[in-house]
Amino acid sequence: LDILGHDDPTVIRMLEDITGIDAKTIPIGEKKVMEIFRSTEPLGVTPEEIGSVVGTFGIPEFGTKFVRQMLVETKPTTFAELIRISGLSHGTDVWTNNAQELVRNGITTLPNVISTRDDIMLYLIQNGLEPLTSFKIMEDVRKGKGLKPEYEELMKATGIPQWYIDSCNKIKYMFPKAHAAAYVMMAFRIAWFKVYYPEAFYVTYFTVRADEFDADIISKGQDRVKSVIQELEAKGNDATQKEKNLLTILEIANEMYARGIKCLPVDLYESDAVKFKITDQGLLPPLNALAGLGSTAAANIAEARKNGKFLSVDDIKIRAGVSKSVIEILENHGCLNGMQQSNQVCFL
């Protein structure tokens, strides 16, 4: 995790390990990758297939419904504009009820709205205000204090448009540009892997979020995934946080299927304890991708099977030390098909 608790560094490190590519060599702003922030074309799918006009599911900073809608409205074409969108999305009353309306109504464009705190100081200096005064105005605005009357008069006197002054007065909190730039650099590199190494991207994404992955649903195929997506969407605000997290996973799984990548059932012997694997047939989920089967139980099973195949269900219980509920989870998924209940042999 980075200093703020984001898992982007973990994701990038895993992608590097899988592909052998140094993420620092990825060209920032590369044309094809930039296009997923405007359309789904680089992924080889249509908006109708994945339920999104843009292809940013699973991309940090840009995967939520809120930010995807921002992308649709602003249609960014440059890396610099992605930084602006990140700043807008992290602020309070910076986009909603503010810059969004300015862009929608054609009053100004994305490159000109206030997106990060630095924008204010630099814009005011460029328009003739003293650097120290510009800095003080920026500090007041970013803290949600608005403009002092004397600052507002000074801005009017130097030709600052009224819409800009009004925008400053609406802001409650602003993100620093340096933070936005750092996050978007990592996000863009992850997006690059999504475009050019899709299996590696999905394996990494699901591994990091294996606790929220439900193999009983996703390994049943795209139709099943779409069906559950519809069920969860129908709940709207009544959906629990767990269901909302699952919906995010399912949306990405649906996209994965649309790109021709399958999800296999969990395998008692071939599945890793906690990591997804890339195989010729599709992605193989780990043992802990089964809902209710935790990482500890998964690790115990993986360790126990090193000593040979399990002779029976009871043998799993004894050697792996797992509970009856874990056995039921494995049975329901089909992991124990054909396995005897006990080691005992009956002679007639």
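Reader: How do you know how far to trust the chain overall?

Author: By pLDDT, the predictor's confidence in each residue, from 0 to 100. The mean pLDDT of the chain is 91, and 96% of its residues reach 70 or more. This is a predicted model, so local features need pLDDT of at least 70 and side-chain atom pairs count only at pLDDT 80 or more, while totals for chains, interfaces and linings use all residues. Residues are numbered from 1 along each chain as its sequence is written, and side-chain values use heavy atoms, with hydrogens and water left out.

Reader: Where does pLDDT stay under 50?

Author: Over residues 1-5, for which the model has 8 contacts beyond four places in sequence; a contact means heavy atoms within 4.5 Å. Where pLDDT is low, the predicted coordinates should not be read in detail.

Reader: What makes Arg117 count as buried or exposed?

Author: Buried means under 20% relative accessible area, exposed over 50%, and partly exposed in between (1.4 Å probe, protein chains only). Arg117 has 16% relative accessibility, so it counts as buried. This residue lies in helix H7. Beyond four places in sequence, Arg117 touches Met138, Arg142, Tyr173, Met174, Phe175 and Pro176. The C-alpha atoms of Arg117 and Arg142 are separated by 5.9 Å, though the two are 25 residues apart along the chain.

Reader: And why is Tyr123 called partly exposed?

Author: Its relative accessible area is 23%, so Tyr123 falls in the partly exposed range. Tyr123 lies in helix H7 too, residues 117-126. Leaving aside neighbours within four places, Tyr123 is in contact with Ile160, Pro161 and Tyr164. Its C-alpha atom is separated from that of Ile160 by 9.3 Å.

Reader: How do you know which residues line one face of H6?

Author: In H6, residues 95-104, the buried ones are Trp95, Asn98, Ala99, Gln100, Leu102 and Val103. Seen down the axis of H6, these fall within an arc of 155 degrees, so they line one face of the helix; the arc is that of the directions from the helix axis to the C-beta atoms. They pack against helix H4 (65-74), helix H5 (79-90) and helix H10 (162-170).

Reader: What makes H6 and H10 parallel or antiparallel?

Author: Their axes come within 9 Å and cross at roughly 155 degrees. Axes are lines fitted to C-alpha atoms, for helices over the stretch in contact, and angles run from 0 to 180 degrees between N-to-C directions. Angles under 35 degrees count as roughly parallel, over 145 as roughly antiparallel, 65 to 115 as roughly perpendicular and the rest as oblique. H6 and H10 are therefore roughly antiparallel to each other. At the contact, Asn97, Asn98 and Leu102 in H6 meet Trp163, Ser167 and Lys170 in H10.

Reader: How do you know that H18 has a buried side?

Author: Val326, Ile327, Ile329, Leu330 and His333 are the buried residues of H18 (residues 324-333). Down the axis of H18 they fall within an arc of 160 degrees, so they line one face. The face turned away from the buried side of H18 carries the exposed residues Lys324 and Asn332.

Methods
Helices (H or I, at least four residues) and strands (E, at least two) are DSSP runs, numbered from the N terminus.
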